[in-house]
Amino acid sequence: GGIDVIESAFGSFSVSYQWRLKESSTFLSLGISSYVYEKYTPIYYYSNYGQARGGYYEMVQVFTPIISIDKRF
């Protein structure tokens, strides 16, 4: 977890597994990664006093696959 440059909170977590391909020095990794970040959505509206501004924060979660082929020397 941590704070990004515009002071929004975020966190991440990844899990993967690695297989050696036969007797070679090549490896295959598969897994999943997830990260969560705080998103601010501004809202503009008109009131009796003119244009006003507000907004709200929400947490957004994203999942991405991990696919890797490595050759070791």
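This report describes the fold, the strand pairing and some selected residues of the protein shown above.

The model is a predicted one, in which local features need pLDDT of at least 70 and side-chain atom pairs count only at pLDDT 80 or more, while totals for chains, interfaces and linings use all residues. Residues are numbered from 1 along each chain as its sequence is written, and side-chain values use heavy atoms, with hydrogens and water left out.

## Overall fold

The protein has zero helices and four strands, and from the N terminus on its elements follow the order β-β-β-β. Helices (H or I, at least four residues) and strands (E, at least two) are DSSP runs, numbered from the N terminus. Of the 73 residues, 14% count as buried, where buried means under 20% relative accessible area, exposed means over 50%, and partly exposed lies in between, with a 1.4 Å probe and protein chains only. The protein exposes about 6300 Å², of which carbon and sulfur atoms supply 58%; accessible areas come from the Shrake-Rupley method with a 1.4 Å probe, and for residues only the protein chains shown count as cover. Among contacts between residues at least 6 apart in sequence, 42% join residues at least 24 apart, a contact being heavy atoms within 4.5 Å.

## Strands 2 and 3

Strand 2 (residues 9–20) pairs with strand 3 (residues 26–47) in the antiparallel sense over 11 bridges; two strands pair if DSSP finds at least two bridges between them. One of the residues involved is Ser 12, whose bridge partner in strand 3 is Tyr 35. The hairpin of strand 2 and strand 3 has five residues between the strands, and Lys 22 lies in this loop. The phi of Lys 22 is near 55°, a positive value in a residue other than glycine, and Lys 22 counts as exposed because its relative accessibility is 77%.

Thr 26 lies in strand 3 and is buried, because its relative accessible area is 16%. Leaving aside neighbours within four places in sequence, Thr 26 is in contact with Trp 19, Arg 20, Leu 21, Ile 69, Asp 70 and Lys 71.

## Strands 3 and 4

Strand 3 and strand 4 pair in the antiparallel sense over 22 bridges, and they form a hairpin with two residues between them. Within this pairing, Pro 42 stands opposite Gly 55 in strand 4. Tyr 45, which is found in strand 3, counts as partly exposed because its relative accessibility is 42%. Not counting residues up to four places away in sequence, Tyr 45 touches Gly 50, Gln 51, Ala 52, Arg 53 and Gly 54.

Glu 58 is found in strand 4 and is partly exposed, with a relative accessible area of 31%. The C-alpha atoms of Glu 58 and Glu 38 are separated by 5.7 Å, although these residues are 20 apart along the chain. With residues up to four places away in sequence left out, Glu 58 touches Tyr 37, Glu 38, Lys 39 and Thr 41.

## Aromatic pairs and a nonpolar patch

The structure holds three aromatic pairs. Rings of Phe, Tyr and Trp (its six-membered ring) pair if their centres lie within 6.5 Å; planes under 30 degrees apart count as stacked, over 60 as edge-to-face and the rest as tilted. The rings of Tyr 17 and Trp 19 have centres 4.9 Å apart and planes at 70°, so this pair is edge-to-face. Tyr 35 and Tyr 37 form a stacked pair, with 6.2 Å from centre to centre and 25° between the planes. The table gives the exposure of the residues in these two pairs.

| Residue | Relative accessible area | Class |
|---|---|---|
| Tyr 17 | 51% | exposed |
| Trp 19 | 39% | partly exposed |
| Tyr 35 | 35% | partly exposed |
| Tyr 37 | 30% | partly exposed |

Phe 13, Val 15, Ile 32 and Phe 63 form a nonpolar patch on the surface, with about 440 Å² of accessible area together. Patches are made of residues with over 30% relative accessible area and no salt bridge, like charges being joined within 9 Å and nonpolar side chains (Val, Leu, Ile, Met, Phe, Trp, Tyr) within 5 Å; a salt bridge is a side-chain nitrogen of Lys or Arg within 4 Å of a carboxyl oxygen of Asp or Glu. Phe 63 has its place in strand 4 (residues 50–71), and Phe 63 counts as exposed because its relative accessibility is 53%.
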